[in-house]
Amino acid sequence: MIMKRSLLAAASAAALLAATLGSAQAQDDDEITILISPLTLAFPHFVFMVDEMRDEAAMLGNVTVTVSDGQLSTTKQLTDIETAIIQGVDGIILAPVDAAGLADPVRQAIAAGIPVVTVDRPVTGVPEVLANIAADNYTGARNQGEQIARDFPDGARIVNLQGIPGDQTANDRNAGVHDVLDALDGFEFVAEQPAGFSRDQGVSVTENVLTGLDEAPHVIVAANDDMALGAVQAVEARGLSGDIAIYGFDGSSDALRAVRDGTLAATIDQFPGEQGRMAVRVLVDHIRSGAVPESDNILLDPVAITLENLQDAERIGMIGQ
């Protein structure tokens, strides 16, 4: 069973958490230790998520958090999980680099009595994971495609910057935007290339694509904000600012500033802070009271953020003046 919801108000967030976990039972205040292994701390998305996890752990009290940067390396995360098993941590929160490649160490942790919660993306083939808590990437990408369709009712030539080849998040985001725009007349994907969820690759891939096109696209759609912001740099370098609408995905503070300033048309807010906080709550409640969430796959509905609804973004307080 999949649980989904739109995070547009604190009240709805609280209601969902209560429905997911039941009444609060975490009365045991013994010290517990959690390993948090994000995909990489090179992406602002995961830096913010981890910061929110730390804050939630501090609010719960007597929760020691150890953060180990996954560094986009399956080997690094595998080693970190094996070390955590030897050290006897009480729980693990993992955003896996490789959904299949990390299945075995996750199974080993669970077999050792260490519950695992995945966040942002699941591991495959391990149904014993306590819960996966993530954004519904496919729905978010459909919202991205629908925003493009609203902004370009007569159609558009589109460059698509994809994420890491084979990554489930990248696949879902690619499928969502395609499923919307392929069904509409007038929308043509004139170039599609992976850019590794990286700002630097976003710059270089966009430069190469624009060089190879006879006619500039109307739209560049990117599977995350870093690639979108890299595309902004490449477009600005060619003097095409204002001629190409660029769409990101993540709702990062940098992207929100770009939406405010008019260099991004939109970003998709997937509420990484709420994902991280919920992951900590689910794991700590399970360790302390045995609570099990009603769903093992809790998906949050991402929202398209434009200039018109900028104040609804989760990280709006971080963008400054």
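## A tour from the whole fold to its cavities

Among contacts (heavy atoms within 4.5 Å) in the protein between residues at least 6 apart in sequence, 76% join residues at least 24 apart. Before you click further, know that this is a predicted model, where local features need pLDDT of at least 70, side-chain atom pairs count only at pLDDT 80 or more, and totals for chains, interfaces and linings use all residues. Residues are numbered from 1 along each chain as its sequence is written, and side-chain values use heavy atoms, with hydrogens and water left out.

**Stop 1: everything.** Show the cartoon: the secondary structure comes to 10 helices and 13 strands, where helices (H or I, at least four residues) and strands (E, at least two) are DSSP runs numbered from the N terminus. The C-alpha trace spans about 65 × 40 × 40 Å along its principal axes. Buried residues (under 20% relative accessible area, with a 1.4 Å probe and protein chains only) make up 55% of the 321 residues.

**Stop 2: helix α9.** Select residues 253-261, which form α9. Which residues are buried here? They are S253, A255, L256, A258 and V259. A handy rule: an α-helix has 3.6 residues a turn, so residues three or four places apart point the same way.

Stop 3: A cavity is a set of points, on a 1 Å grid over the protein atoms alone, where a 1.4 Å probe fits but cannot get out; lining residues have an atom within 4 Å of a point. The whole structure has 4 cavities of 30 Å³ or more, a volume being the space filled by probe spheres set on the points, which are joined across faces, edges and corners. To find the largest cavity, select L39, F43, H45, F46, D120, R121, T169, R173, F197, N224, D250 and Q270, which line it. About 90 Å³ of space lies inside the largest cavity. Colour α2 (44-60) and α6 (168-181), as each supplies at least two residues of this lining.

**Stop 4: the second largest cavity.** Here the space is about 50 Å³. Residues to select in its lining include Q144, N160, Q162, R173 and V221. Which element gives the most to this lining? It is α6, with 4 residues.

Definitions and conventions: Buried < 20%, exposed > 50% of the residue type's maximum accessible area, 1.4 Å probe, protein only. 1 Å grid on protein atoms, 1.4 Å probe; cavity = no way out; pocket = protein on both sides within 12 Å on 5 of 7 lines; lining within 4 Å.
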